[in-house]
Amino acid sequence: MSKKFHKYFETNKKTWDKKVGIHATSDFYNLEAFKKGETSLKHYELDALGDVSGKSLLHLQCHFGQDTLSWSRMGAQCTGVDISEKAIELARDLNTELGLDATFVCCNVLDTSVHIKDQFDIVFTSYGVIGWLPDLKPWGNMIAERLKPGGTFYIVEFHPIVWMFDYLDDKPIIKYGYHQKEVIYEEYKGTYADPESSMISKEFGWNHGLAEVISSLSEAGLTIEYAREYDASPYEIFPGLIEKEKGMFETKDTLYPLLFAIKAIKG
């Protein structure tokens, strides 16, 4: 990856290393229930990918591997990638503790093809991933490289509109551009999984519009099967959300979607 962005990634990596221990003990991730067999996967990705038994699956930006290991429990042969060494260490420990056969690799997601040469039936990524990347073209190219011919890519992600808001004050205000190219820096106390934590999160991120996401995949040679937008999110991480049905949250007036999903095929 370009040296231009090295300091941004290093700052983010240090923050994510600090988050791992806090997240592993949080109610948000509910690690004990997961160890007892509860899946961390949500209905969007489960419905989209269906039966993964016997398929090879590459999980990008896997954090400490709960989703990766959930797919592994369903019979997929999984590899997870994450920038945080602490996250990968915990993922490997969980893999051993649960008697699963997933593989975990620590690297910047944009460097995945440097570290992994295999191709996969499925490449998967979800919920809070692309905002850490300055440019989606190398991301799309990497995904195409790692997919087998006929393989499926699936992303379910927070909608670009939600990242136009600054959530650090009492009331969210629109502060950032939908197509903003400049890096965004935020420094705040706590994490999304534990807002009361004393840790200071220091994070660099980038906004990407939906057209940019789709173009990065189609220009890399993938065929878009569908692009969908959803009002309901399985995560209550934005202020003012209302639980409309069990475990699913929406904005009060549903004026804009909270999520999007894209499914694409390598020809």
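I was looking at a predicted model, where local features need pLDDT of at least 70 and side-chain atom pairs count only at pLDDT 80 or more, while totals for chains, interfaces and linings use all residues. Residues are numbered from 1 along each chain as its sequence is written, and side-chain values use heavy atoms, leaving out hydrogens and water.

Next I looked up the neighbours of β5. Strand β4 (residues 120-126) runs parallel to β5, and 6 bridges join them. I noted that strands pair if DSSP finds at least two bridges between them, and that strands (E, at least two residues) and helices (H or I, at least four) are DSSP runs numbered from the N terminus. From β4 the chain passes through helix α7 (residues 136-146) to β5, a right-handed β-α-β crossover (clockwise from first strand over helix to second, with the strands pointing away from the viewer).

Then I checked β13 (residues 259-266): it is antiparallel to β5, with 7 bridges. Phe153 has Ala264 as its bridge partner there.

Is β5 enclosed or open? I found 9 of its 12 residues (147-158) buried, so the rest of the structure largely encloses it; buried means under 20% relative accessible area with a 1.4 Å probe, protein chains only.

Key
Buried means under 20% relative accessible area, exposed over 50%, partly exposed in between (1.4 Å probe, protein chains only).
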